[in-house]
Amino acid sequence: MTQSFLLFRVGMKRVTRLVAFIGVVLTLTSSLAQTRQEFARKLNQNKRQLMLSEKMLKEVLAQKKTTIKTVAIYQSQIELREEGLRHTQGKLDALDVDIEDAKQEIIGITTEIERIKVAFSEAIVLSYKSNKKMSKMHYVFMASSFNDLIRRLNYLRRIMDFRRQQLGLIQKKKQENSVRINELLVLQDRLALSLKDKETESEQLKKDKLEYAAVVNGLKSQEAKLIKEIEQRKKRSRELEKSIRNAIARAPKAEAVSGFVPGNLPWPVNNGYISERFGLHKHTDFKNVSTVNNGINIICERNSSVSPVFEGTVTAIIEVPGMQTTVLVKHGGYYTVYANLGSVSCTQGQQVSQEAVIGRVGLNSERITELHFEVWRGTNKLNPESWIRR
């Protein structure tokens, strides 16, 4: 009986270690699951943006008129494709980790089943040998006192409980193993599909780059025309900037506002992608062509509604030829600009919330649905990408 008790204690220690190990694994699994969910979210978002970019590019090419905007759309599409491949690779890496974890867990579970079986078998054999020498009732009634009797009864009960627990653990571990093997098969299927997606996207990226090179070569003979086009855009941008500065100068003194913080603002449209970024950009393929953007341009679906990125007051509604209508919203010491609106549904002086619709995106000179969005602090222009959520 002493050997049985020792085996019982050893078995209980193994169970305790197993439970602690499972706790650590669950914590790590939760953290890794969040990373995998983030990869999936970014990949889905990237696919939606790519679909929109491809749609817009088809519309532009259907006009049989290639402009610097066509080149910009191709560039942004290539960027989206490359970003999608990075997210796909992240997903593949995560799947590799998941598959390896599943394999190791299956090995661990199988090993643990064998270990429990061995401990259980040893306990059964030892119990059988002990029973041949002395019956359980004989063992109980050999107690020297009432307290000793209770102790012996409790000991026998604990041994029986331990055996039942071992049998339960074996069954549970077998079920866990079966579930994990099925999960492994699913993960391997996902890996095969993701590898196929990566291969397809890589081929499409090569095709995009070849088409981009063809567009650039076709435009190089029209560089003078492109420069003229850029100058017209710069002129419209200067007119808009002048109108914004005049409106800010006329606005009442800025009051403090909380919540208007970098990286925390929603997008002004529900669906879209950034087609042109903030600041000065020298074109890599046209050495004499450079553009300056006081904000960012967002290509979106036709007739997309526009909402303020933060609650505020409509300070001005500005008309600039070639940029349709612009709405300027004041948020304390900050201002946001929504240009190229085909229609406006707010009035000057109106208080607007983040949920309000202040207008709908119109078509630019290339017949593309594109919102021009700016962020100002006082009279200083800021990079909107630093303020809206990624």
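Q: Why does Thr 326 count as buried?
A: Thr 326 has a relative accessibility of 0%. Buried means under 20% relative accessible area, exposed over 50%, and partly exposed in between (1.4 Å probe, protein chains only), so Thr 326 at 0% counts as buried. This is a predicted model in which local features need pLDDT of at least 70 and side-chain atom pairs count only at pLDDT 80 or more, while totals for chains, interfaces and linings use all residues. Residues are numbered from 1 along each chain as its sequence is written, and side-chain values use heavy atoms, with hydrogens and water left out.

Q: Which residues is Thr 326 in contact with, leaving aside its neighbours within four places in sequence?
A: Contact means heavy atoms within 4.5 Å. With those neighbours set aside, Thr 326 touches Leu 240, Ala 316, Ile 317, Ile 318, Val 337, Tyr 338, Ala 339 and Asn 340. Thr 326 itself lies in strand 7 (residues 325-331). Helices (H or I, at least four residues) and strands (E, at least two) are DSSP runs, numbered from the N terminus.

Q: What makes the pair of Phe 260 and Phe 310 edge-to-face?
A: Rings of Phe, Tyr and Trp (its six-membered ring) pair if their centres lie within 6.5 Å; planes under 30 degrees apart are stacked, over 60 edge-to-face, and the rest tilted. The structure holds five aromatic pairs. In the pair of Phe 260 and Phe 310, the ring centres are 5.4 Å apart and the planes stand at 80 degrees, so the pair is edge-to-face. Phe 260 sits in the loop between helix 5 and strand 1 (272-276), and Phe 310 in the loop between strand 5 (305-306) and strand 6 (312-319), 50 residues apart.

Q: How do you know whether Phe 260 is buried or exposed?
A: Phe 260 has 5% relative accessibility, so it counts as buried. Phe 310, at 10%, counts as buried too.

Q: How many disulfides does a search of the whole structure find?
A: A disulfide is a pair of cysteine sulfur atoms within 2.5 Å, and the search of the whole structure finds zero. Cys 300 is buried with a relative accessible area of 0%, and Cys 346 is buried with 8%.

Q: What makes strand 4 mostly covered?
A: Five of its five residues are buried. Ile 296, Ile 298 and Cys 300 point one way, while Asn 297 and Ile 299 point the other way. In a regular strand the side chains alternate between the two faces of the sheet.

Q: How do you know that strand 1 and strand 4 are joined?
A: Two strands pair if DSSP finds at least two bridges between them. Four bridges join strand 1 to strand 4, and these strands run antiparallel. In strand 4, Cys 300 is the bridge partner of Gly 272. Strand 4 is also joined to strand 11 by four bridges, again antiparallel, with Phe 373 of strand 11 as the bridge partner of Ile 296.

Q: Which residues have the most contacts inside the largest nonpolar core?
A: A nonpolar core is a set of buried Ala, Val, Leu, Ile, Met, Phe, Trp, Tyr and Cys residues joined through side-chain atoms within 4.5 Å. The largest has 26 residues, and Val 306, Tyr 338, Leu 371 and Phe 373 have the most contacts inside it. Strand 4 (296-300), strand 7, strand 8 (334-344) and strand 11 (370-377) each supply at least two residues of this core.
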